[in-house]
Amino acid sequence: MPVELNFLSLLTGCFATPVAENPTVAMVEAAYRAMGLDARYINCDVAPADLGDAVRGARAMGWRGFNCSLPHKVAVIDFIDDLAPSAEIIGAVNCVINKDGRLIGENTDGKGFLASLKTVIDPVGKRVVVLGAGGASRAIAIETALSGAASITIVNRDAARGKAVTQLVAAHTSAAAEFVPWQGKYAIPEDADVVINATSIGLFPGVDDMPAVAFSTVRPGLVVADVIPNPPRTAFLKQAEARGARTLDGLGMLVNQGVIGIRLWTGREPDAKVMRGALEAIFGV
């Protein structure tokens, strides 16, 4: 009998702008190869005005799913069919799954960050400070609070956005929620256990940029995390390390949310070590 041939690849990718510096493609395609899948992950630079067309195109071409990154995590909700419970609470989507033609929005950012955080510290009972109030901040604040954090403090320059995140935490979790206006250099409270940069400050090409934090208030033993994967060792983390903090780079969050995404798209479990290894090879970690 002749061998049945199939030249139709499983398609996934990312819609964002800018997207050229997003290394997700390298780790996801490494996972696909290790899994023996004929699958692709394509970075697509999509302007905000073109997001609806991009989503309709992915649906028309039968993409299995896609990620959404800045600035599309909230706007994409208008173009998909339904939301998973976590995405509905958070109000932001970073992963879309095509289920028999219906596009379902999920949020894996917070879950990915939480899995990474737990390799350094158990958030149960801890006091957590989150810098920023965008989509990543919302996801991290909710998932960390749901995991048992005692309190979540949101620090942001835009008061309305910052208060919206604290109200979200208060409405859906048992953690204490507080908003602090970001004015000048933020002084980290003495009782804080974890500080997370959930902003895009420090992302390539702005590798020398740092969140406005009073580093004199960073103490030994404090856990300082960054969501930025490129570069992994941001200027923010280097400065915190110099003060004796325990640091957590953005590669862990990226890998773990990628693991969840691949699981949702394929129904199979990828090798997280292969994915992390692909990123470390790129960045020379």
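D191 is partly exposed, at a relative accessible area of 42%; here buried means under 20%, exposed over 50%, and partly exposed anything in between, worked out with a 1.4 Å probe on protein chains only. Its partner is R127, and the two form a salt bridge whose closest N and O atoms are 3.0 Å apart. A salt bridge here is a side-chain nitrogen of Lys or Arg within 4 Å of a carboxyl oxygen of Asp or Glu. R127 is also partly exposed, at 36% relative accessibility. R127 sits in strand 7 and D191 in the loop between strand 9 (176-181) and strand 10, so the bridge ties together parts that are 64 residues apart in sequence. Helices (H or I, at least four residues) and strands (E, at least two) are DSSP runs, numbered from the N terminus.

A quick word on what you're looking at. This is a predicted model, where local features need pLDDT of at least 70 and side-chain atom pairs count only at pLDDT 80 or more, while totals for chains, interfaces and linings use all residues. Residues are numbered from 1 along each chain as its sequence is written, and side-chain values use heavy atoms, with hydrogens and water left out.

Back to the salt bridges: the structure holds 11 of them. One of these joins the side chains of R233 and E241, at 2.5 Å from N to O. R233 is partly exposed at 44%, and E241 is partly exposed too, at 32%. Then there's E269 with R263, their closest N and O atoms 2.7 Å apart; R263 counts as partly exposed at 36%. E106, K111 and E143, meanwhile, are linked in a network of salt bridges.

Now for the inside. A nonpolar core is a set of buried Ala, Val, Leu, Ile, Met, Phe, Trp, Tyr and Cys residues joined through side-chain atoms within 4.5 Å. The largest one has 28 residues, and F113, I152 and I196 touch the most other members. Several elements each supply at least two residues of this core, including helix 4 (109-117), strand 7 (127-131) and strand 8 (151-156). Helix 5 gives the largest share, 5 residues. There's also a second, separate core of 21 residues, with V19, L251, V255 and V259 among them.

Let's zoom in on I152. Contact means heavy atoms within 4.5 Å, and once neighbours within four places in sequence are set aside, the contacts of I152 include V128, V130, A141, V169 and E178. T153 lies in strand 8 and counts as buried, at 9% relative accessibility.

Last stop, the largest pocket, with a volume of about 920 Å³. On a 1 Å grid over the protein atoms alone, a pocket is an open set of points with protein on both sides within 12 Å along at least five of seven lines, and lining residues have an atom within 4 Å of a point. Grid points are joined across faces, edges and corners, and the volume is the space filled by probe spheres set on them. Of the 42 lining residues, S69, L70, K73, A136 and V227 are the closest to the pocket's centre. Helix 8 supplies the largest share of the lining, 4 residues. The lining divides into 20 nonpolar, 16 polar and 6 charged residues, where Ala, Val, Leu, Ile, Met, Phe, Trp, Tyr, Cys and Pro count as nonpolar, Asp, Glu, Lys and Arg as charged, and the others, Gly among them, as polar.

Key: 1 Å grid on protein atoms, 1.4 Å probe; cavity = no way out; pocket = protein on both sides within 12 Å on 5 of 7 lines; lining within 4 Å.
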